[in-house]
Amino acid sequence: MGKGRAGTGLAVVAALVALPFVPLLLWAFAGEWRFPDLLPSEWSLRGIAYLVEPGGRILGATLTSLVIAGATAMASVAVGLPAGMALGGYEFRLKGLVIFFILLPILVPPLASTMGVHLTFIRLGLADTAFGVFLVHLIPTVPYTAIILTSVFAELTGELEEAARTLGASAWKAFVYITLPQVVPGVAVAALFGFLISWSQYVLTLLIGGGNVVTLPMLLFSAASGNDPVITSALALVFALPAIAALVVALRYLGSGNEREFLGIGKPS
Amino acid sequence: MGGWVRISLLLAPAVLVLGVLFTGGLYAALVQSLGYMPAVGMTEVSLDAYREVLGREDFLDALLLTVYVAGVSTALTTVLAVLAALALRHGPGRVSSVVFQIPLTIPHLVAAVGIALVISQTGLGARLAAALGLIGSPAEFPAFLYDRYSVGVILTYVWKEVPFVALVVLATLRGVAADLEDVARTLGANAWQRFWYVVFPVVAPGIVAASLIVFAFTFGAFEVPYLLGQDYPTMLPVVAYEEYRSILLSDRPAAMAINILIALITAAFAAAYLRFARNLGRRG
């Protein structure tokens, strides 16, 4: 009886999760879809053609988004990895305070601090540049990578590394050959997270990029404020693609036996 | 001693990056909210901006709307998440995890656009209502977008955040709660007793902690109300943004004052969450 109820529950939840994607998929390929019709009366590839239009704005914006999100992912892992080692591997005084400090940018909206640094960015010539946008994207991403990697290092017992040291490996060699391979999946998840959070940013890019740095969400937002559901839906699907791809990859990466929630920590924004 | 140096060096990059960009940014926002911007000749420090903002009708309307949207979104999210977790806890763990993780990774903007195309007056919902003969024209379908009850904004938040809370609850339900429930069952407790005296007390702290995060997030997020919300009143982050975009530099302190107030409120929720989370850790 419990199994049957769980099956029904799962079907309901899956349908609700899928619901917003139904009109997106239909509209993206719709030619004509008048009001009371439940399905488009004509199909077309206009939305897709718009996406790949040579010299169009979409390809450029996609590239800008990819570069900024890629750079943000790498930098936030580079910064979060040592922090994760310290917080996950050691006990020390004021640790709770450090964790609070690192988590705060996730919980306090980054709008305030970004408006705050804007003036300084203008003075330093960082405003309206992709590099400036990359810098402010670190505000929401570094806390996530640091906290994810903290849990990764907290699970390491250090026994293997100790064994390697006993057998004569240098501290560096033990780190590179023993510790690093153990944390690679966690580092990949952290990098994925950094990428996705940066990829999803709208208002930070808008504030610091000042309209000069055009990422995909900029185009999606102006399309969504306009009146063409075909273009809006096609763009929304492209914008959702990395999230879907990342989910598929991450679930395979974690292996079928691993029930640990890959998004179980913190609050994605 | 060596340990301290090592730990400090390891923490330095993250603390430096967040210290400069986040704390530095907040500090700059605070200074500007006090009316101190020497670059444009404003050097007098005062609380005028706060006095002005707190006395303004549009600020109070926005504050009320923000508390309403964040409160309703959080309450709906929590109830639906607990129901979903209870329904799914005996099901296939992996499948439900995958289903739940889709809304978590999808950007808010995509969710907002998809929800809008479902609930707008020419959306899927209205078409379905027309097919059932409930309405004759789009205008007869209730306005759920840009409306005074912020239905579109709330539904988008609920769709995005239910999985987050549900995963937290599911993890506890499948772990400690399941073991304790077995014990209670062998001791003869009925289904209701098992839920109320055993399962609920175990999962409650996790639910509260997750709800605090959802409230803090929906309180301070900008994109969804900016896209799907009405023009007046708007939520606080939208007011802060619009004030900030004003050409008049004299509006800047007010924008920053609103920002600082949002930061203070969400930080209070963050502190409450961390207290809760730490107690959870101790007990577990």
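Select A:Asp128, which counts as partly exposed because it has 15 C-beta neighbours inside 10 Å. The terms rest on counts of other C-beta atoms within 10 Å of a residue's own: 20 or more make it buried, 12 or fewer exposed, and anything in between partly exposed, with C-beta atoms placed from the backbone. A:Asp128 sits in the loop between α6 (111–124) and α7 (130–154) of chain A. Its phi is near 65 degrees, a positive value in a residue other than glycine. Most residues other than glycine have a negative phi, and most peptide bonds are trans.

This is a predicted model, in which local features need pLDDT of at least 70 and side-chain atom pairs count only at pLDDT 80 or more, whereas totals for chains, interfaces and linings use all residues. Residues are numbered from 1 along each chain as its sequence is written, while chains are lettered from A and ligands numbered from 1 in the order in which they are written.

**Two further backbone stops**

Move to B:Ser150, in the loop between α6 (124–131) and α7 of chain B. B:Ser150 has a positive phi of about 55 degrees although it is not a glycine. Is B:Ser150 buried or exposed? B:Ser150 is buried, because 27 other C-beta atoms lie within 10 Å.

Next, select B:Tyr232 and B:Pro233, which are joined by a cis peptide bond with omega about -15 degrees. B:Pro233 belongs to the loop between α9 (223–228) and α10 (236–245) of chain B.

**Chain A**

Helices (H or I, at least four residues) and strands (E, at least two) are DSSP runs, numbered from the N terminus. From the N terminus on, the order is α-α-β-β-α-α-α-α-α-α-α-α-α-α. The C-alpha trace of chain A spans about 75 × 65 × 35 Å along its principal axes, and 46% of its 269 residues count as buried.

Select helix α2 (residues 21–28) of chain A, where A:Phe21, A:Pro23, A:Leu24, A:Trp27 and A:Ala28 are buried. They cover an arc of only 165 degrees around the axis, so they lie on the same side of α2(A); the arc is that of the directions from the helix axis to the C-beta atoms.

Finish this chain at residues 256–269, where pLDDT stays under 50. The term pLDDT denotes the predictor's confidence in each residue, from 0 to 100. Where pLDDT is low, the predicted coordinates should not be read in detail. Chain A averages a pLDDT of 87, and 92% of the residues score at least 70.

**Chain B**

Select chain B, which has eleven helices and zero strands. Its mean pLDDT is 89, and 97% of its residues reach 70 or more. Among its elements, helix α4 (residues 93–105) has the lowest mean pLDDT (81) and helix α5 (residues 108–119) the highest (95).

The domain assignment of chain B, automatic or from a database, gives domain 1 (1–33) and domain 2 (47–283). Their centres, taken over C-alpha atoms, are separated by 30 Å. Five residues of domain 1 are in contact with eight residues of domain 2, where contact requires C-beta atoms, placed from the backbone, within 7 Å.

Then pick B:Leu30, in helix α1 (residues 2–33) of chain B. B:Leu30 and B:Pro253 are 223 residues apart in sequence and 8.8 Å apart in space, C-alpha to C-alpha.

**Where the chains meet**

Show both chains: 79 residues of chain A are in contact with 80 residues of chain B. Helix α1 (residues 2–18) of chain A gives the most to the side of chain A that touches chain B, with ten residues.

**The largest nonpolar core**

Which residues touch the most other members of the largest nonpolar core? They are A:Leu107, A:Leu220, B:Ala14, B:Ala166 and B:Ile258, and the core has 172 residues. A nonpolar core is a set of buried Ala, Val, Leu, Ile, Met, Phe, Trp, Tyr and Cys residues joined through C-beta atoms within 7 Å. Helix α7 (residues 151–186) of chain B supplies the largest share, 17 residues. Domain 1 (1–33) and domain 2 (47–283) of chain B both give residues to this core, so the core lies between them.

Methods. Two residues are in contact if their C-beta atoms, placed from the backbone, lie within 7 Å.
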